[in-house]
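The following exercises concern a single protein chain. Each task is followed by a solution in steps.

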Amino acid sequence: MKFAIQRDQLMESVQDVMKAISSRTAIPILTGMKLEATTEGVKLTGSDSDISIESFIPAEEDGTVYIENIEPGSIVLQAKYFPDIVRKVPDNTVEIESDHTKNVTIRSGSAEFHLNGQDAEEYPSLPQLRTENSFDMPTDLLKRLIKQTGFAVSTSETRPILTGVHVSTEEENLQFVATDSHRLASRKISLETDETLNLPSVVIPGKSLSELNKILDDTGDSVQISITDNQILFRTKHLYFLSRLLEGNYPETSRLIPNESKTTVLIDSKELLQSVDRASLLAKENRNNVVRLLTKENNQIEIHGNSPEVGNVTEEVTADTIDGEELKISFSAKYMMDALRAIDATQVKISFTGAMRPFLITPVDDDSILQLILPVRTY
């Protein structure tokens, strides 16, 4: 195998593929990165058996040549050293060559590295998912769905199913839901497809979606999503991202959403976010970073943060409207700030159903995205 490649293109692919490689894997060869050269280009593969990522660099695209002097072949390189070598080579072109004894030479400028490679035949081949259950989605929309829900997955392994995002379809609607049992984030979109989607409900590990989100470009291109019983594949022009799915039944979350509210607040989300952020500065001592909210007359809301050993902070924010009963409620400042950032709307509606009941945050004119937070007992 032999080829000469542009360093920047190679580095970008190496960084993407590294997200799937773990040093703690049961299969030793998976600590390596597979390189495969063909006349079309070079494919890099990394996997930890939970996530697998393939990145393809075309030899030529849109008149730009990225790879030259290709002699087809494949090799597995030690992922511990290869990325650092590529990052630090002196020249913009990198030449990679392997001989029949699996020795690999990497040349760039005046530098020459020699690495021991491994046989690519021993590298497990990735399943090529071709299923009926496929649909396309704009990349930027998928990234937004992940951003608006993925943060709410559980980080505790006591209920593994909650460490994933529940993805389900209903007629033309696709819904992402995540909850850690203290909060819930949900986003629903309508998919403009000609046929009704009949996809199985699946739970995608939050970690997989987080890595996918980092790799996907903010382009207008679309990503093809394919689902089988235990795996999901995201495919773009030059990227193949495969993740296992979580097994088990995801809890029925729709019944957690309150139907009516006793107190409704319309408020500028940025002002509320900054106020809660300031109140949390002095609420860090207590375990949950809890702040209190009190509704007052003349559309005033009082936000209060308190740590007995440190001090306290009180701030009044003017809401656009407050309807319903007076309210005193305590909640995690972090959860509130995460929710407001995810909604990303100028004005939000907060619907309270009492001091000890979950409350809802939604954009004012849009119920396709909602955040639900459980309050905290502070007395």
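The chain holds six helices and 28 strands, where helices (H or I, at least four residues) and strands (E, at least two) are DSSP runs numbered from the N terminus. The model is predicted, so local features need pLDDT of at least 70 and side-chain atom pairs count only at pLDDT 80 or more, while totals for chains, interfaces and linings use all residues. Residues are numbered from 1 along each chain as its sequence is written, and side-chain values use heavy atoms, with hydrogens and water left out.

**Exercise 1. Overall description**

Step 1. Taken along the principal axes, the C-alpha atoms fill a box of roughly 80 × 55 × 40 Å.

Step 2. Of the 379 residues, 51% are buried; buried means under 20% relative accessible area, exposed over 50%, and partly exposed in between (1.4 Å probe, protein chains only).

Step 3. Residues 1–127 are 15% helix and 46% strand, and their end C-alpha atoms are 24 Å apart.

**Exercise 2. The largest pocket**

Determine the volume of the largest pocket and the make-up of its lining.

Step 1. The search runs on a 1 Å grid over the protein atoms alone: a cavity is a set of points where a 1.4 Å probe fits but cannot get out, a pocket is an open set with protein on both sides within 12 Å along at least five of seven lines, and lining residues have an atom within 4 Å of a point. Grid points are joined across faces, edges and corners, and a volume is the space filled by probe spheres set on the points.

Step 2. The volume of the largest pocket is about 540 Å³.

Step 3. Its lining has 21 residues, with E12, F56, D217, T236 and H238 nearest the centre. Two or more lining residues come from each of α1 (7–18), β4 (51–58) and α4 (206–215).

Step 4. The lining of the largest pocket consists of seven nonpolar, seven polar and seven charged residues. Here Ala, Val, Leu, Ile, Met, Phe, Trp, Tyr, Cys and Pro count as nonpolar, Asp, Glu, Lys and Arg as charged, and the others, Gly among them, as polar.

**Exercise 3. The cavities**

How many cavities of 30 Å³ or more are there, and which residues line the largest cavity?

Step 1. The count is two cavities of 30 Å³ or more.

Step 2. The largest cavity, of about 40 Å³, is lined by F135, V167, L174, F176, I204, I225, I227, I232 and F234. The lining has nine nonpolar residues, no polar and no charged.

Step 3. The second largest cavity has a volume of about 30 Å³, and its lining is formed by F135, V167, S168, T169, L174, L199, P200 and I227. Strand β13 (residues 164–170) gives the largest share, three residues. Six residues of this lining are nonpolar, two are polar and none is charged.

**Exercise 4. Aromatic pairs and a neighbouring loop**

Classify the pair F352 and F359, then locate T353.

Step 1. Rings of Phe, Tyr and Trp (its six-membered ring) pair if their centres lie within 6.5 Å; planes under 30 degrees apart count as stacked, over 60 as edge-to-face and the rest as tilted. This rule gives three aromatic pairs.

Step 2. The ring centres of F352 and F359 are 5.0 Å apart with planes at 40°, so the pair is tilted. Both F352 and F359 are buried, and together with F331 they form one aromatic cluster.

Step 3. T353 sits in the loop between β26 (347–352) and β27 (359–363). Because its relative accessibility is 5%, T353 counts as buried. A polar atom of the T353 side chain lies 3.3 Å from the backbone oxygen of P358.

**Exercise 5. Helix burial and positive phi**

Is helix α3 enclosed or exposed, and where do N299 and D344 lie?

Step 1. Eight of the eleven residues of α3 (residues 139–149) are buried, so this helix is largely enclosed by the rest of the structure.

Step 2. N299, in the loop between β21 (290–295) and β22 (300–307), has a positive phi near 60°. At 26% relative accessibility, N299 is partly exposed.

Step 3. D344, in the loop between α6 (333–343) and β26, has a positive phi near 55°. With a relative accessible area of 61%, D344 is exposed.

Definitions and conventions
Polar contact = N/O pair within 3.5 Å; in protein donor to acceptor, adjacent residues only side chain to side chain.
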